[in-house]
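Please examine the sequence and the structure shown here before reading on.

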Amino acid sequence: MSQKTTTTDWERQRLEMVERQLYARGIRNPRVLEAMRRIPREEFIPPQHRHLSYVDEPVPIGFGQTISQPYMTALMAECLELQGTETVLEVGAGSGYHAAVLGALAARVISVEILPELAAYARENLDRTGCGSNVQVVCADGSLGWPPAAPYDAISVAAAASDVPPALLEQLKDPGLLVIPVGPSWEQELRVYSKRQGRVFVRTVTFCRFVPLRGKAGWE
Ligand code: SAH
């Protein structure tokens, strides 16, 4: 028998992850659960770490960056209440996995990545898996948003800022939802900003730990 992990093994691990890490912890949005049952997360992880594809923690993707824990991806996606018609901005494409999940939930995703190597990596992963037909990866400083495709129905930020970058709130539609980790490097609050009738409301969902947001409205 081959020692290689087969498609069926990956599928089994993926379904188990959705049951034990997502559903068991309260993720209930059926479209989020379905997307994460379907998208091959193992294809978004570098070969040397592939055995960690379904562990309950962040995994290195190179350049000091990580792909978030599956639960965090699910929770953030759930917070955006996507119906399938939206244009979404993601800041921090990394591996492209989170962008693939958002692509399954919305009409169109623009995912901005500041590191050219990771922008190329995300593009490759999205193309290889066939998950990227409605996802555009852009190499730029996402702390300034991405004006050419603004405004956005929803914005998802995958790196931690000291405060929400003003450009992101400006590029959010009314109504619109934005999810972002805010706080110092050792721990942040995951916040949801909701723009409604010209006002912005904020709630804190949980505590979390993300890599720092760089760029003009980031940490450096
Ligand atoms: N969502 C990713 C994980 C992202 S890790 C995934 O599913 O794999 C955070 C990413 O944000 C890193 O790739 C990092 O390079 C990127 N990043 C940090 N600051 C950024 C900025 N100002 N603009 C765009 N990307 C940024």
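A residue is called buried when its relative accessible area is under 20%, exposed when it is over 50%, and partly exposed in between (1.4 Å probe, protein chains only). The model is predicted, so local features need pLDDT of at least 70 and side-chain atom pairs count only at pLDDT 80 or more, while totals for chains, interfaces and linings use all residues. Residues are numbered from 1 along each chain as its sequence is written, and side-chain values use heavy atoms, leaving out hydrogens and water. Helices (H or I, at least four residues) and strands (E, at least two) are DSSP runs, numbered from the N terminus.

**Helix H5**

- Helix H5 covers residues 116-129, and its 14 residues reach 20 Å from the first C-alpha to the last, close to the 20 Å expected at 1.5 Å a residue; the expected span is 1.5 Å times one less than the number of residues.
- The buried residues of H5 are Leu 118, Ala 119, Tyr 121, Ala 122, Asn 125, Leu 126 and Thr 129.
- These residues lie on the same side of H5, because they cover an arc of only 160° around the axis, the arc being that of the directions from the helix axis to the C-beta atoms.
- Among the elements that cover the buried residues of H5 are strand E1 (59-62), helix H4 (97-105) and strand E5 (135-139).
- Just after H5, Gly 130 takes a positive phi of about 70°.

**Backbone exceptions**

- Most residues other than glycine have a negative phi, and most peptide bonds are trans.
- Glu 81, which is not a glycine, has a positive phi of about 50°; Glu 81 lies in the loop between helix H3 (70-79) and strand E3 (87-91) and is partly exposed, at 49% relative accessible area.
- Gln 197 is not a glycine either, and has a positive phi of about 45°; Gln 197 lies in the loop between strand E8 (188-196) and strand E9 (199-208) and is exposed, at 78%.
- The peptide bond from Ala 150 to Pro 151 is cis, with omega near 0°, and Pro 151 is in the loop between E5 and strand E6 (152-157).
- Asp 174 and Pro 175 are also joined by a cis peptide bond, with omega about 0°, and Pro 175 is found in strand E7 (residues 172-182).

**Cysteines**

- A search of the whole structure finds zero disulfides, a disulfide being a pair of cysteine sulfur atoms within 2.5 Å.
- Cys 208 is in no disulfide, and its nearest cysteine sulfur, that of Cys 79, is 10 Å away.
- Cys 208 is buried, at 7% relative accessibility, whereas Cys 139 is partly exposed, at 44%.

Methods. Contact = heavy atoms within 4.5 Å.
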